Amino acid sequence: MAWNIFGTADLVLAIGFGITSAEGSPLQLFPAPGSQAMQRVPWSFVPTVLVPLWLILHGIIAAQLRRARLGQAASVLA
């Protein structure tokens with residue numbers, strides 16, 4: 001469960017850093033990568049597809065861990 005929480009926090013921080021790196025952001029912490037970054041690799045795939053997929057997978061893992069913990073508690077009581 002700790003690794004699942006750590007992974008989710010890592011993804012949330014990645015989204016936050018992406019937002020604060022955007023050009024024109026009022027909280028811009030890092031300079032924008034410019035157009036050269038998009039010429040090499042389609043980086044938009046990461047925040048639009050991979051990050052939501054990983055967050056969904058972390059949610060599924062958390063639900064399965066909770067269900068397993070409740071199942072163990074029920075078997076102890078029986």
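A residue counts as buried when its relative accessible area is under 20%, and as exposed when that area is over 50%. I wrote this down before opening the model, which is a predicted one.

**Entry 1: the whole chain**

I looked up burial for the protein. Of its 78 residues, 10% count as buried. I then looked up the surface: the protein exposes about 6400 Å², and carbon and sulfur atoms supply 72% of that area.

Next I listed the elements. There are three helices and zero strands. Read from the N terminus, the order is α-α-α.

**Entry 2: helix 3**

I turned to helix 3, which covers residues 45-77.

I then looked for a bend. Helix 3 bends by about 25° at V51. A proline, P52, follows within four residues of that position.

**Entry 3: H58**

I picked H58, a residue of helix 3. Is H58 buried or exposed? Its relative accessibility is 17%, and because the limit for buried is under 20%, H58 counts as buried.

I looked up what H58 touches, leaving out residues up to four places away in sequence. The list is W3, N4, G7, T8 and L11.

**Entry 4: I5**

I looked at I5, which lies in helix 1. Its relative accessibility is 54%, so I5 counts as exposed, the cut-off being over 50%.

I compared the position of I5 with that of H58. In sequence they are 53 residues apart; in space, their C-alpha atoms are 8.0 Å apart.

**Entry 5: the aromatic pair**

I searched for aromatic pairs and noted one in the structure. Its members are W3 and F6, whose ring centres lie 5.7 Å apart. Why is the pair edge-to-face? The ring planes stand at 90°, and planes over 60 degrees apart count as edge-to-face.

Where do the two residues sit? Both are in helix 1 (residues 2-21), and because they are three residues apart, about one helical turn separates W3 from F6.

Last, I checked accessibility for the pair. W3 and F6 are both exposed. W3 is also among the residues that H58 touches.

Conventions. Residues numbered from 1 in each chain as written. Predicted model: local features only at pLDDT ≥ 70, side-chain atom pairs only at ≥ 80, totals over all residues. Heavy atoms only, no water. Buried < 20%, exposed > 50% of the residue type's maximum accessible area, 1.4 Å probe, protein only. Contact = heavy atoms within 4.5 Å. Phe/Tyr/Trp six-rings, centres within 6.5 Å; stacked < 30°, edge-to-face > 60°. Bend = angle between axes of the 7 residues up to and from the residue. Areas by Shrake-Rupley, 256 points an atom, 1.4 Å probe, with all protein chains shown as cover.
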